[in-house]
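Please read these notes with the model open beside you. They are numbered so that each can be checked separately.

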Amino acid sequence: MAEITFIAPVETIKGKLQNRDKTIFRRKRVFDANGHVIGQLSQEAYVVKNPRDWEKNPPKGAEKQRIDNWAAACQQAAEIRKNPELLSQWKQRWAAQLQTPEAGAPIDKKTGRPKIYIRLDGFIRATIFRELQQ
């Protein structure tokens with residue numbers, strides 16, 4: 001995949017360039033609790049080819065189990081965000097892993113090292129998901 005370095009006046013591209021284009025551009029941003037941008041991920045471009053027909057080809061077996069585990073992890077993470085005591089414990093754990101990755105964290109494919117999560121919500125969901133998968 002090609003890399004592009006953007007300069008002023010175009011720093012990011014979001015969406016399609018034309019209505020009928022199949023290529024979609026995006027750049028994810030990371031926000032703090034106050035809504036300020038604390039980081040940006042790399043610019044992405046992707047094409048949705050052959051989208052899945054979920055009615056004709058529903059998930060089964062291990063795939064369905066993964067989907068159910070992810071839904072449960074998201075639900076538990078939402079409950080944690082509503083509980084200030086639990087949320088503060090997770091914030092401490094998240095802040096600690098910013099310095100040193102947690103034991104059992106998945107290996108980041110880009111760096112070959114244990115993954116460090118820059119978003120609190122992603123860290124909570126991924127950690128719960130890993131626990132449910134085991």
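1. Basis. This is a predicted model, in which local features need pLDDT of at least 70 and side-chain atom pairs count only at pLDDT 80 or more, while totals for chains, interfaces and linings use all residues. Residues are numbered from 1 along each chain as its sequence is written, and side-chain values use heavy atoms, with hydrogens and water left out.

2. Nonpolar core. The largest nonpolar core holds 13 residues, and those with the most contacts inside it are Ile80, Leu87, Trp90, Leu120, Phe123, Ile124 and Ile128. A nonpolar core here is a set of buried Ala, Val, Leu, Ile, Met, Phe, Trp, Tyr and Cys residues joined through side-chain atoms within 4.5 Å. Buried means under 20% relative accessible area, exposed over 50%, and partly exposed in between (1.4 Å probe, protein chains only). Helix H1 (61-82), helix H2 (84-99) and H3 are the elements that give two or more residues to this core. The largest share, six residues, comes from H3. Helices (H or I, at least four residues) and strands (E, at least two) are DSSP runs, numbered from the N terminus.

3. Ile80. Which residues is Ile80 in contact with, leaving aside its neighbours within four places in sequence? They are Leu86, Leu87, Trp90, Ile124 and Ile128. Contact means heavy atoms within 4.5 Å.

4. Asn69. This residue is found in helix H1. Asn69 counts as buried because its relative accessibility is 10%. Not counting residues up to four places away in sequence, Asn69 touches Phe129, Leu132 and Gln133.

5. Arg125 and Thr127. Arg125 is found in helix H3, and Thr127 lies in helix H3. Is Arg125 partly exposed or buried? Arg125 is partly exposed, because its relative accessible area is 21%. Thr127, at 2%, is buried. Leaving aside neighbours within four places in sequence, Arg125 is in contact with Trp70, Ala73, Cys74, Ala77 and Arg81. The C-alpha atoms of Arg125 and Ala73 are separated by 5.5 Å, although the two are 52 residues apart along the chain. Thr127, with residues up to four places away in sequence not counted, touches Trp90, Arg93 and Glu102.

6. Strand E2 (residues 29-31) and strand E3 (residues 37-40) pair in the antiparallel sense over three bridges; two strands pair if DSSP finds at least two bridges between them. Arg29 stands opposite Gln40 in E3. Five residues lie between the two strands of this hairpin, and Gly35 in the turn has a positive phi of about 90°.

7. The largest pocket contains about 530 Å³ of space. Of the 16 residues that line the largest pocket, Lys28, Leu41, Lys115, Ile116 and Ile118 are the closest to its centre. On a 1 Å grid over the protein atoms alone, a pocket is an open set of points where a 1.4 Å probe fits, with protein on both sides within 12 Å along at least five of seven lines, and lining residues have an atom within 4 Å of a point. Grid points are joined across faces, edges and corners, and a volume is the space filled by probe spheres set on the points. Helix H3 (residues 120-133) gives the largest share of the lining, four residues. The lining divides into six nonpolar, two polar and eight charged residues. Ala, Val, Leu, Ile, Met, Phe, Trp, Tyr, Cys and Pro count as nonpolar, Asp, Glu, Lys and Arg as charged, and the others, Gly among them, as polar.

8. Lys115. The place of Lys115 is in the loop between H2 and H3. Lys115 is partly exposed, with a relative accessible area of 30%.
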